[in-house]
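Subject: Handover of a structure

Dear colleague,

Please find below the structure that I am passing on to you. My notes on what was found in it follow directly after.

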Amino acid sequence: MTLLINFIKIVWQSLGGRVSLIIFVICILLAIFGPYLAPYDAQERSYDAADKLVRLAPPSWDHLLGTTLLGRDVFSQMLWGARPALIVGILTALGTVIIGMNVGLVSGYFGGKIDTILMRITDIFLGLPFLPFIIVLLALTERNIWTIILAMMAVMWRSTARIVRAEVLSLRERQFIAAARTTGASDVDIIYREIAPNVMPLALIGVTFALAWAIITEASIGFLGFSDPNVVSWGSIIYEAYASQMMYRAPWWVLPPGIAIMILVTAVYFIGRAYEEVINPRLKEGG
Amino acid sequence: MGQFIFKRFWHMCITLFVMTTLMFFMFRLLPGDPTATVISPALYPKAQEALRQQFGLDKPLLEQYFVYMKNLAFFDFGISFHTTRPVSEAIQGRLLNTILLVLPSMIAAYIMGAFVGAMVAWRRGSKFETILVLVATALQSAPVFWLGMLAILYFSIQLDMFPVGHIVSPGMFPEANWDMYFSTDFLHHLALPFIVNALYQFCFPFLLMRSSMLSTIGEDYIELARMKGLRENRILYRHAMRNSLLPLATTLPMILGWAVAGSVVIETVFSWPGLGLLMVEAVGRADYPMVQASFLLIAVLTVVGTFVADMLYGLLDPRIVYN
């Protein structure tokens with residue numbers, strides 16, 4: 001908890017970080033309350049006074065962002081779609097970093113054979129083409145948000161594992177680890193009490209970048225038509241617009257979900273960068 | 001050096017072997033019967049049996065695996081469930097199409113990213129810099145398929161400048177052959193996906209180059225070059241930029257992997273007949289031999305690309321220690 005407060009304090013220092021944090025919080029509030037604020041249900045079809053379906057209506061007071069081919073309200077769909085984006089993004093990012101951190105900690109701390117084996121496995125995962133692999137997994141299992149989260153976690157831990165391991169390798173030789181050892185602390189104690197707190201800042205940066213990736217990937221999965229057919233997400237709105245072949249006549253249908261993803265992910269990137277610059281000035285993005 | 005290349009090559013082979021094996025067993029062991037689409041349970045048991053034999057599905061799993069691996073060695077990917085023709089027929093040419101879409105845009109993006117990133121960092125603190133960083137981050141944050149759709153919406157439909165998709169105009173080349181790739185029609189179709197992909201790929205090297213330059217500019221040798229009275233341009237290109245290129249070279253293999261994997265969505269938007277589109281279509285038809293084969297080729301492209309980029313990096317930076 002103190003870690004989270006510390007994180008927010010650091011990000012808050014820069015203007016970009018402040019604006020991004022506010023945007024992110026707004027998105028979370030939308031994910032929680034969006035469905036209650038939405039004027040229509042996500043799948044509800046609107047009919048006009050003559051009982052005709054309101055197809056592809058441009059934005060108006062009744063439909064702030066117009067309607068889809070099947071007469072659904074785009075504005076309401078946008079409000080419903082924030083939830084899956086953020087649930088998938090946040091859970092995937094947390095899971096990814098927890099797996100990656102543990103692999104990195106164990107690999108770096110024990111070294112030797114364990115390190116070799118774990119890093120060979122990590123290398124194989126680094127070679128896996130990310131999106132195609134997830135599509136294959138989803139093709140073979142049920143398609144719902146939990147399988148999407150698990151499929152993404154199964155691959156994304158690889159980069160965190162590498163970064164954390166490198167950090168652990170240098171931490172392992174420090175004096176406070178030797179000191180802990182002389183007091184008779186067990187390996188588990190040293191890994192989780194002494195080393196883990198020191199790699200937390202790196203892990204937090206990992207969370208932000210994983211979050212950004214997960215949100216975009218969730219949208220990509222939706223766009224390719226592999227997401228849960230019963231859940232409206234920003235990606236699936238774009239997919240429907242694309243699959244209907246009508247998006248070229250209805251820009252109001254396809255613009256909002258893309259812009260929403262863009263704003264959310266940009267904010268996440270800036271939060272990550274604001275934190276990174278303070279925590280580790282020599283570790284610039286991507287490096 | 002020779003030893004290093006050999007070791008990396010060996011690792012690459014293991015990676016590919018493990019992936020192939022993983023794929024094979026994933027398709028056979030995960031829930032859901034992938035053969036259900038082709039061998040309908042409604043068929044007579046005898047007919048089911050005959051089909052199973054035709055696809056080699058009646059043999060024990062381990063034997064199927066060895067047959068599969070042996071066939072792969074001869075570029076035999078099995079028979080498509082959908083067309084009941086050899087998969088290798090459908091897959092021919094797809095690999096090249098994907099490479100032609102990914103590689104040139106990638107190279108263009110890296111060169112542009114390096115130069116623009118260096119310029120912007122050189123004149124740091126300008127309004128232009130702030131705007132460009134914001135725009136690049138926003139572009140990087142947008143889903144690339146959505147950018148593609150907007151590009152089609154504006155340039156192809158509104159302005160009618162480019163075709164809406166596909167690799168050549170329908171009917172132009174009834175038989176895909178080499179002439180196709182040298183026609184202006186092909187280039188015309190390539191232009192829009194190329195621009196969108198290059199623009200999207202540009203963001204990462206640009207942002208990386210900028211931050212790398214910012215830390216280089218603070219180094220002593222830049223100050224020294226200034227004191228020697230060297231011209232600004234010379235310091236920029238010869239001293240600062242050269243030394244800042246290293247992180248770009250290090251990340252190239254990783255980014256190449258992303259680009260190949262990401263081609264799935266770009267190909268779908270532009271109906272570009274590459275491996276990614278083939279795979280997505282095959283998943284839709286539950287044509288598992290086709291999915292498996294296209295995935296493997298995408299993986300090969302990624303892994304081999306990474307290997308080549310690693311080797312190039314070794315050539316670029318003689319300081320690298322091979323261990």
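**Charges, fold and chain contacts**

In chain A, the mean position of the 21 positive charges lies 7 Å from that of the 20 negative charges. Please bear in mind throughout that this is a predicted model.

As to its fold, chain A holds ten helices and zero strands. Read from the N terminus, its elements therefore follow the order α-α-α-α-α-α-α-α-α-α. The C-alpha trace of chain A spans about 85 × 45 × 30 Å along its principal axes. Among contacts in chain A with a separation of 6 or more, 71% join residues 24 or more positions apart.

Next, the interior. In soluble globular proteins, nonpolar side chains tend to be buried together. Here the largest nonpolar core has 178 residues. Those with the most contacts inside this core are Leu105(A), Val136(A), Phe223(A), Leu224(A), Trp234(A) and Met213(B). Helix α8 of chain A, residues 187–223, gives the core its largest share, 18 residues.

Which residues does Val136(A) contact, leaving aside its neighbours within four places in sequence? They are Met23(B), Met26(B), Phe27(B), Met279(B), Val291(B) and Phe295(B).

The two chains meet through 43 residues of chain A and 47 residues of chain B. Between them they bury about 4,100 Å², with 79% of this on carbon and sulfur atoms. On the chain B side, the residues that lose the most area to chain A are Ser141(B), Trp146(B) and Met149(B), which together make up 15% of what that side buries.

One helix deserves a separate note. Why is helix α9 of chain A, residues 234–243, described as largely enclosed by the rest of the structure? The description applies because seven of its ten residues are buried, that is, under 20% relative accessible area. These buried residues are Trp234(A), Gly235(A), Ser236(A), Ile237(A), Ile238(A), Ala241(A) and Tyr242(A). Their cover includes α3 (74–110), α8 and α10 (251–279) of chain A, and also α7 (144–158) and α12 (246–269) of chain B. Trp234(A), one of the buried residues of α9(A), is also among the residues with the most contacts inside the largest nonpolar core. Just after α9(A), Gln245(A) adopts a positive phi of about 65 degrees.

With kind regards

Technical notes
Residues are numbered from 1 along each chain as its sequence is written. Chains are lettered from A and ligands numbered from 1 in the order in which they are written. This is a predicted model: local features need pLDDT of at least 70, side-chain atom pairs count only at pLDDT 80 or more; totals for chains, interfaces and linings use all residues. Side-chain values use heavy atoms; hydrogens and water are left out. Helices (H or I, at least four residues) and strands (E, at least two) are DSSP runs, numbered from the N terminus. Contact means heavy atoms within 4.5 Å. Lys and Arg count as positive and Asp and Glu as negative; His and the chain ends are not counted. The place of a charge is taken as NZ of Lys, CZ of Arg, CG of Asp or CD of Glu. A nonpolar core is a set of buried Ala, Val, Leu, Ile, Met, Phe, Trp, Tyr and Cys residues joined through side-chain atoms within 4.5 Å. Buried means under 20% relative accessible area, exposed over 50%, partly exposed in between (1.4 Å probe, protein chains only). Buried area is the accessible area (1.4 Å probe) that two parts lose on being put together, summed over both.
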